[in-house]
Every structure is written in C-alpha cells, then in structure tokens.
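Dear colleague,

I am handing over the structure we spoke about, and my notes on it follow below. Please read them with the coordinates open beside you.

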Amino acid sequence: MSFHPNLFPMDVWEQIGYYFLARDDTFLGLLPGLMSLLLTCRWIHDSLSYPANPRLYARLFCYKFDIEAPRRRLSDRWLTAPCLAIELRKRFTLLQRVRRHADYAVEDMWTCYLMMLENDGRNERQLEWAGLSEYISHCVSHQLPALTTTSSFRVYDTESISLLLWLSWMMSTKDRLRTESSSVRTWWTDKFLHRYLAAGFQFPSLYAPDSFLHLPISQNVDPMPPIISGPSPAVKRITHFSRPLVVSSPLLTAAALLSWMVRQELVRAAEPWDFNAFSGLPPTRAAAIALNRQGPTLEDVLAYREQRVASPQPLPFPTPTSWDAFDHVTCGSHEDEDDERDEDLMNPGSEHEPDLTDSREYESDWYRTVSCVNMFSTSRPLRGVVFSPGSLTGRWAGQFLFTSMDDYLRMLQGESHVDAVSVRMLARPLYWDLQEHHCLQPTEPLSPGADEYEGDDVLNAWLPRGFSLTKRESAIDVSEPDNDIRRTVRYHTYCPDGLSNVTYSKSATQALRREWMSDGCGDEEIADDSDQAIWPIDVDTSGPVGDMADQFNATTSSEGYVDTVLQRSSGVADILVTGETGHLHGEAWGHYTVVGRVRAWDGLVVLLSQPKNPAHAALGKWVFKGYLHGQNLVGRWRDTMTAAGLVGYEGSFVVSKDS
C-alpha cells in the first residue's frame, strides 16, 4: 500500500516538523533543514509553510530565542502565534545581515538591543553565532567613519552610537575583551569613547530634564525652566513582535563610561605596578596614624587600583534546548511564579531574593526604554518598575572623571581647534555608604524646593533650602521651612536585613498599603500640579478579552485594543537617600556626607555631596545624577556654584555596589 502524507492530521505533521527542526545540533543559527522538509511534497509544504501553520514557527521561535522576558513584560496580544512567527523571520534576517556584515541599519541595532534586554541565554548565543561583537567594531570603524574622525561632535547620530555602545557593553564579558588586541583596545578607549566622556555635556545623559522631580508635567507650564541637562535621547517608532512600539534610545554617556571603564581595568591589570611612584606614602593606615600623616596610604591606593565595575557575565547555555516552550507561553499559569516574585519584591532581604543575572537584570532598562518617551504624556501603557526601592542601600565604590577647568571651558565655548579626544581626563576615587529612607503612603512627601528659575532645585538634590534632618531609631524626620509653618515629614529607614525579613519598623509595616492600581492609558491633559508619584513594585500585564486559544490562533482581532498594566504599589510615595564616605575611605580621600532623592518617573538618582567638616566648605558641593544599570550607578556630576540655568563644570562618574 502506498503511503500518503494526508493519512496523518496536520497537528501530527507539525509535531514531526518541530522535532525534526528543533534539535540540539541545530540550535545555533537558522533552520538548515526547513527547505528540505518543505520540498518533500506539496501536501507537507501546504501544511507546514509559514502562511498555513504559524504555530509551528511560533514554537520554533521559543526554541531559538528567549521568551520568558517578553512573557513577563508584554500582554498576550504581543505573543500570538502569528506575532512570534513574524518575529522569527525578522530575527533570522537580522542574523544573516550581521553575519555577512551588511550595511549598517539602525533598525537592526534596535532588534539586537531588545534581544539583549530579553536575554536569558538563548538570544545572546544566537547573536554570538552571528558575530555581533565583530559587526559592532566593523560598523564603528568602517561604516560610520564620520563618527570617529570629526571633532564636530554636535552632529553625531546619538541614537546609532548609543545602541552600538550599549550592545558592545552588554556583550563585553571580561573573557571576550581579553581577546582584543592592545591596538584595538587603545583605539576604543583613547579615540572613540574618550570624546563622549570628556565632552559628555553634549550628549544624552538623562531621559528627561533634571529641572523636574515630579513627571509628567503639563505643556502649559509657564515659564518653563531652562533645560541645561543635555539633549534628550532620540524617540523612535519601531516594530517589535510585529506590533508598533515607541521607544526612547538608551543613554549614550552611561554606555560610553561603562565600556571605557571595563577596558581601562584590563589595561591597568596588564601594566606592572610601579611601587616607586608611591614610595612616599605610608604603607598602612596604622603607619599613617603613627606618623601623624593624613591622606591615602599605599594600602588605599592599591585597593583603589583593584576596584572593578560590575561587568556582564555570560549566562549558562539554556538546557534542554529542544524543550517546547510555546505551550508554556500560551497555557502556562503565572500564578505560582507571580506569587514567588511578589514575595521576593515585597521582602528584598528574603532568602528567595531573585538572582538578577538573567533578563531581570535589565528590567529597569526595558521599562525606561518603553515608557520614558514623553515627559508631557500620561499615556504609559507599558510602564513598570524603573527603580526597585532599597536598591541603593549598601556600600558603593568607584570613581569620577574630570578635565582641567581650562580645557572644559574651551569645549563648552565650542572653540573649533579643541578636539575632545585630545583633552586629558583625570580620575579620583569615590566611596559611599548609602541608606534609603521611604515616605510611606498616605503621608505627603517633602516638597522639592525651587531654584531661581522656578524649576525644582536639582542643585540641592531636589530638597528645599534650609531643610533639617533628625535621625530616629528606625526613621528620619525631615523638616522644611514653609513661611511661618515648619512642616516635618517622617521617612522610614529601609532595613534589608531586618528581623523576619521586615524592611521597616513594626508600626510602619502594619500601616503599609500595597495595593494593585491601574495605570492611565489616555493622553488627557494633566493639571499643572500633578499628583505625587507612587512607586510600583510589581506589574501584571493584561491582554485582549477573548478565548486564549483563539488569541494564539489569531482569530481575535486586537485593532483598537490598548495595552494596560496593573501595578502593585510598594506603598512608597517618595525616596530619600543619606550617606557618607565611611571612616576608612574618608581618612584616605576626605570625609563627605551625601543626601539626595530618586525620581519616580524614570528612577533618576540625584545626590548632593559636601564636606562633612564645615571648616572644609571651600571644597564645594557637588551633585551626582545617574541611573542604576545592574549593580552600577552611572551618570554625570556637576558643580553647584554655577547657576541652575547654565551648564556647569561637570564630568562622568560610576560607582559599583560592594557586595
């Protein structure tokens, strides 16, 4: 009896096709056996081709690429079988273009960047197979020569450079960077990256101006304070999982600094230690005390030399690679993992604290990318956690970079003969012991204070001038002058190692309100005095109304559907930060105190540093503004003597959490 393929139903052929194509030895790259399978006969072609069977290609997407992060961050309508099948074809085209070093296209880099934000091991392996790191170097040095040869850095395509630098950083494990030749590494640090650090005031470093603590704001604000915190990142409309998505480019200066730092560390490690250059220093702190000497010791300098930024680590190869994840996407329940994640987020000090070495390390970066696009709009349908309360509590170590005042002023004035690449940069150690304090609902937070241009006073870390701070057993009381009335606000101290995993005092914990709330999705006009921000601690996406099976067979139309997100409030209405240099580091590099605030809209951290001893006030006050990227706090510092409406003396900084 002759065999005919129609003896088996289509779902059986789908199973055969899936397990024929989804083998361990075919995980990397494209699907080499697909064409042969489709050419077997017309019936199989008609049963397993993309138009006839998008479910097969959706399953193959889940075999080739990571799906957990999209499943966690996006609603169901993004992950239908047709959506995943279209994304599979898009990514195969991307991998081919990268592998053959095709002409640069910014859309390709956006796809790569979002893949790395969703990386749990599979995406990274596919991009490695395509040779993304080599392609990035090729694009920067050959296809975009104007970006590396001209000193007129105002005309740069910051969107492209930012994406290339972030991808370079995300792929830059120490092992990969060690394979760079010394000449290539020197070109990156001294030529390409150097200009974005020395002249960082010219490039995007914030998602929204620092003149505002509370966002969004009304477009009718008048007068609008001067915007001097650098240009805003580019906003672009792209396609992700076959659906339109408006995104904000990642920040250029942060990626430049991280990429520069990790390469400088390798250069420093390869250089022999010159003890003669520090022969005049006491060997230890005890010796310095015995000699009545102040300042750093040889021990302090060596510890500073050994500091490292928290660089990306390669994720383990996902196993088993042939596991069929699509049914888990469509039918798997989130309840158990959501309950566990809720417990982790509510009690960050618990033994169940999530291991942020997978795509969750980039959770805040993802939500800033998709929701921090318009500071005037209340429509943020994909809004999520851009800063996890408690993240800053701990010890931090790093450095800040600076140029001479003369060089900086010449760059600021735009003198044509000054090339930022030739401007010398110096570094100084930076150490903080930080503690978060939270204003809990329904208490009204401290006002931000106003500068001379009616903007929020960023030069005083968004705190009112003349405020006073009193420490309590498990809280701080902050008093602000308000005409004849002096209002005092209590901020509860965050304690990650508290008894029974309680992060606040018993009374504060009992009064804490953590409720689910929906985010507005309209573009309605907002009042000039918008409500205070509420910090979300977890999100839950919702999909279109309809039968789940219908959704994944694309029989449910989603036209006119608007994504919504249900957020669980952390109960935190505002975050204040206090800290100091710490005794040991203060003896070496100077004692400083730190106070600051965190912006709820995008997680921007603003810290004011000043000498602890009033007799040393001549050393000045300095403002540090940055974002958390993994275990690194990265950004720009500036002086406070220059008026808020003018670009001040500034530079780059990075500190890493000392675990």
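Is Glu 68 buried, partly exposed or exposed? With a relative accessible area of 27%, Glu 68 is partly exposed, where buried means under 20% relative accessible area, exposed over 50% and partly exposed in between, with a 1.4 Å probe and protein chains only.

Before the rest, a word on the basis of these notes. This is a predicted model, in which local features need pLDDT of at least 70 and side-chain atom pairs count only at pLDDT 80 or more, whereas totals for chains, interfaces and linings use all residues. Residues are numbered from 1 along each chain as its sequence is written, and side-chain values use heavy atoms, with hydrogens and water left out. Helices (H or I, at least four residues) and strands (E, at least two) are DSSP runs, numbered from the N terminus.

Salt bridges

A search of the whole structure finds 30 salt bridges, each being a side-chain nitrogen of Lys or Arg within 4 Å of a carboxyl oxygen of Asp or Glu. In one of them, the side chain of Glu 68 meets that of Arg 71, at 3.2 Å from N to O. These two residues lie three apart in helix α5 (residues 68–73), and are therefore separated by about one helical turn; Arg 71 is buried, at a relative accessible area of 4%.

Another salt bridge joins Arg 285 and Asp 300, whose closest N and O atoms are 2.7 Å apart. This pair links distant parts of the chain, since Arg 285 belongs to helix α16 (residues 285–290) and Asp 300 to helix α17 (residues 298–305), 15 residues apart. Arg 285 counts as buried at 14% relative accessibility, and Asp 300 counts as buried at 14%.

The side chains of Asp 602 and Arg 599 also meet in a salt bridge, at 2.8 Å from N to O; Asp 602 is buried at 0% relative accessibility, and Arg 599 is buried with a relative accessible area of 0%. Finally, a network of salt bridges links Glu 87, Lys 90, Arg 91 and Glu 118.

Helices

Two packed helices are described by the angle between their axes and the distance between the axes. Helix α11 (residues 158–170) packs against helix α15 (residues 252–270) at an angle of about 35 degrees, with the axes 8 Å apart; axes are lines fitted to C-alpha atoms, for helices over the stretch in contact, and angles run from 0 to 180 degrees between N-to-C directions. The residues making the contact include Ile 161, Leu 165 and Trp 169 of α11 and Leu 252, Leu 258 and Val 262 of α15, contact meaning heavy atoms within 4.5 Å.

Helix α8 (residues 122–130) is mostly covered, as seven of its nine residues are buried, among them Arg 122, Glu 124 and Leu 127. After α8 comes Gly 131, which has a positive phi, near 80 degrees.

Single residues

Ser 652, in strand β16 (residues 650–657), is buried with a relative accessible area of 2%. Leaving aside residues up to four places away in sequence, Ser 652 touches Leu 197, Leu 257, Phe 400, Leu 401, Gly 635, Arg 636 and Trp 637.

Pro 51, by contrast, sits in the loop between α3 (42–48) and α4 (54–64) and counts as exposed at 70% relative accessibility.

With best wishes
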